[in-house]
Amino acid sequence: MADTPQRTEISTLGEFGLIEYLTKNIEIQNASTLVGVGDDAAVIDHFGRQTVISTDLLIEGIHFDLLYTPLKHLGYKAVVVNLSDIYAMMASPTQLTMSIAVSNRFSVEALAEFYEGVYLACERYGVDLVGGDTSSSQKGFIISVTAIGEVAPDQFVCRHTARKGDLICVSGDLGAAYLGLQILEREKRLYLDDPNIQPELEPYTYVIGRQLKPEARRDIVEWLQEQGIRPTAMMDVSDGLSSDILHICKQSNVGCVLYEEKIPIAEETRLAAYPFRLDPTACALNGGEDYELLFTIRQEDYDKITTSEQISVVGYITDISEGAHIITKAGNKYKLVAQGWNAFQQE
């Protein structure tokens with residue numbers, strides 16, 4: 001007979017005891033971290049470089065479902081989605097704070113599993129966890145992460161600086177995370193109807209992985225820096241390509257043209273879309289949570305960009321008077337509509 005997993009109630013440790021338990025093995029990785037966890041506040045010295053800060057809130061039932069999201073994966077993803085915002089400014093993440101509120105259905109062991117994922121992401125991306133807070137919640141799990149990064153003076157890249165004639169680029173492939181979510185939701189419904197049914201996840205490893213364990217594109221930022229390419233505008237793809245390019249257009253006061261045939265979609269994503277009768281292009285445009293980098297470059301950087309197999313040129317920036325459009329594979333031109341994920345949209 002298997003041993004029953006140990007369960008330690010959080011109340012037995014108290015807030016400070018819990019913090020000490022979860023942070024006892026932290027190793028500092030950045031010289032800029034002068035004081036980390038354990039004091040009233042962290043102390044960071046970026047030695048003359050500029051500081052970049054981003055905050056995300058993740059709420060159970062809105063941003064994640066623990067019925068199919070392992071706590072270790074959740075911890076990893078909570079860090080990565082914040083680091084992605086730092087990379088989207090062409091900056092390097094160095095520190096983060098992690099605050100959580102949990103109900104009494106979570107044990108100390110469950111939180112230790114969550115933090116295992118947090119530390120795995122911190123180690124992979126060379127980031128120091130320097131503080132945060134813990135609290136109780138009446139229901140569910142609430143996560144707030146603040147990521148801090150550094151960049152050489154005035155070398156950061158914003159969303160509002162795209163210019164007419166710039167080329168629109170995107171890293172990796174799009175739509176996979178959305179299909180992964182559809183598969184997990186389908187298996188959840190089947191499980192709730194009949195708990196004896198075994199989930200069929202094996203054929204969908206790639207798209208499920210893109211949903212549960214995304215990666216931030218540090219490699220793309222480093223490659224751009226090595227090539228001497230500074231994007232004119234940049235953001236990460238969290239709400240879908242259509243919504244996010246429209247953010248850049250609105251803030252830059254420009255228009256755009258996208259080409260459907262140029263949008264990078266993995267073969268695994270195409271195959272996963274068919275059972276749901278979904279158009280893979282629609283998944284790429286409207287799905288979100290890919291955490292790829294969407295950016296614009298000057299036309300003179302085109303030859304350099306084409307040397308990377310990880311970057312696709314998907315369109316170009318136009319004058320605002322021309323609006324925002326997509327040209328389909330059949331050659332038809334349609335107005336580009338923001339149908340990406342909206343945190344405030346009710347089902």
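## Sheet, helix pair and a buried helix

In strand 5, Asp133 is the bridge partner of Ser99. Keep in mind that this is a predicted model, where local features need pLDDT of at least 70, side-chain atom pairs count only at pLDDT 80 or more, and totals for chains, interfaces and linings use all residues. Residues are numbered from 1 along each chain as its sequence is written, and side-chain values use heavy atoms, with hydrogens and water left out.

Helices (H or I, at least four residues) and strands (E, at least two) are DSSP runs, numbered from the N terminus. Two strands count as paired if DSSP finds at least two bridges between them.

- Four strands make up an open sheet with mixed pairing, in the order 3-6-4-5.
- At the edges sit strand 3 (50-59) and strand 5 (128-136), each pairing on one side only.
- Neighbouring strands here are turned by 15° against each other on average, direction ignored; axes are lines fitted to C-alpha atoms, for helices over the stretch in contact, and angles run from 0 to 180 degrees between N-to-C directions.
- Strand 4 (residues 92-102) pairs with strand 5 in the parallel sense, over eight bridges.

**Helices on the sheet**

- Helix 2 (residues 71-87) lies across strand 3, strand 4 and strand 6 (141-151), and runs at about 35° to strand 6.
- Helix 3 (residues 108-125) packs on the sheet too, touching strand 4, strand 5 and strand 6 (contact means heavy atoms within 4.5 Å).
- The direction of helix 3 makes about 170° with that of strand 4.

**Helix 4 against helix 5**

- Helix 4 (residues 176-193) and helix 5 (residues 205-212) pack at about 100°, their axes 7 Å apart.
- That makes the two helices roughly perpendicular (65 to 115 degrees; under 35 is roughly parallel, over 145 roughly antiparallel, the rest oblique).
- From helix 4, the residues in the contact include Leu179, Ile183 and Leu184, and from helix 5 they include Tyr206, Ile208 and Leu212.

**Helix 7**

- Among the buried ones are Leu241, Asp244, Ile248 and Cys249.
- Their cover includes strand 7 (167-171), strand 8 (233-236), strand 9 (255-259), helix 9 (280-286), strand 10 (293-297) and strand 12 (324-327).

Conventions:
Buried < 20%, exposed > 50% of the residue type's maximum accessible area, 1.4 Å probe, protein only.
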